[in-house]
Amino acid sequence: MHDAVANRLRMARAVTKCSQAEFAPKVGLSLSALKRIELGHNVPSGETLLGYARLGFSPSWILTGDGAMLLGGSHSGVSENGTTRGDARPTAAPAFEGSVALDDDLFRAVRKLVAQVHADERVRLPQEALFEEVVRWYKEVWARGEDSAERLTQMGWLETRLRKELQAARTEPGTGKRSV
């Protein structure tokens, strides 16, 4: 259960485009406390859930995966893994500067491709760093299209760019992206 809650907490932060350090004070947590709950080591307290609610996230969705991710949205039915149920669509992202909406199909496609390319290139990252890479590339792909179908056609571009970046990083000291 902790892992499922942790995944939803990371997903909520991802739609805000905030780093952990930026997001922690917004929900009233220390950076270390946010890291612990996002890793699934701790369950968010009632006070923490209220902090997420002040930012527009549904405490019910965080804990159970049922209902809409965001409070007051006109759509409901976001499931635990971020997909929608039935004809429901994700609600708009909270109003953070530069935020993008979460398109669950696109996010899954980007996540799968980023993980596969890292595995193919024999580059291992800690879970948090890999998640940040997925979010970074999701934002890139999001910006390259006007709708979901157009964005999904960008997977070939993403694979090429990511492979080039990982191959270049392999030779650059200090990137933290080395073969295993």
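In this predicted model, H118 lies in helix α6, which spans residues 104-120. H118 is buried: its relative accessible area is 2%, under the 20% cut-off for that class. Its side chain reaches the backbone oxygen of V114 at 2.9 Å. Beyond neighbours within four places in sequence, H118 is in contact with V123, L125, L130, E133, L162 and L166.

One of these partners, E133, is placed in helix α7, residues 127-143. E133 also counts as buried, because its relative accessibility is 9% and the limit is 20%. A polar contact of 3.1 Å links the side chain of E133 to the side chain of R136. The contact between H118 and E133 therefore joins two residues that are each buried, H118 at 2% and E133 at 9%. It also pairs a residue of α6 with a residue of α7.

The largest nonpolar core holds 21 residues. Within this core, F23, L29, L34, Y52, F57, I62 and M69 touch the most other members. Five helices each supply at least two of its residues: α1 (2-16), α2 (20-26), α3 (31-38), α4 (46-54) and α5 (59-64). The largest share, five residues, comes from α1. A second, separate core comprises 19 residues. Among its members are F107, L113, Y138 and L162. L162 is also one of the residues in contact with H118.

Y52 is among the residues that touch the most other members of the largest core. Neighbours within four places in sequence aside, Y52 is in contact with L9, A12, F23, V27, L34, I37, F57 and I62.

Helix α4 was examined next. Its buried residues are T48, L49, G51 and Y52. Viewed down the axis of α4, these residues fall within an arc of 155°, so they line one face of the helix. The face turned away from this buried side carries E47 and R54, both exposed. Past the helix comes G56. The phi of G56 is positive, near 105°.

Note on methods. Residues are numbered from 1 along each chain as its sequence is written. This is a predicted model: local features need pLDDT of at least 70, side-chain atom pairs count only at pLDDT 80 or more; totals for chains, interfaces and linings use all residues. Side-chain values use heavy atoms; hydrogens and water are left out. Helices (H or I, at least four residues) and strands (E, at least two) are DSSP runs, numbered from the N terminus. Buried means under 20% relative accessible area, exposed over 50%, partly exposed in between (1.4 Å probe, protein chains only). A polar contact is a pair of N or O atoms within 3.5 Å; within protein, one must be able to donate a hydrogen and the other to accept it, and residues adjacent in sequence count only if both atoms are side-chain atoms. Contact means heavy atoms within 4.5 Å. A nonpolar core is a set of buried Ala, Val, Leu, Ile, Met, Phe, Trp, Tyr and Cys residues joined through side-chain atoms within 4.5 Å. The arc is that of the directions from the helix axis to the C-beta atoms.
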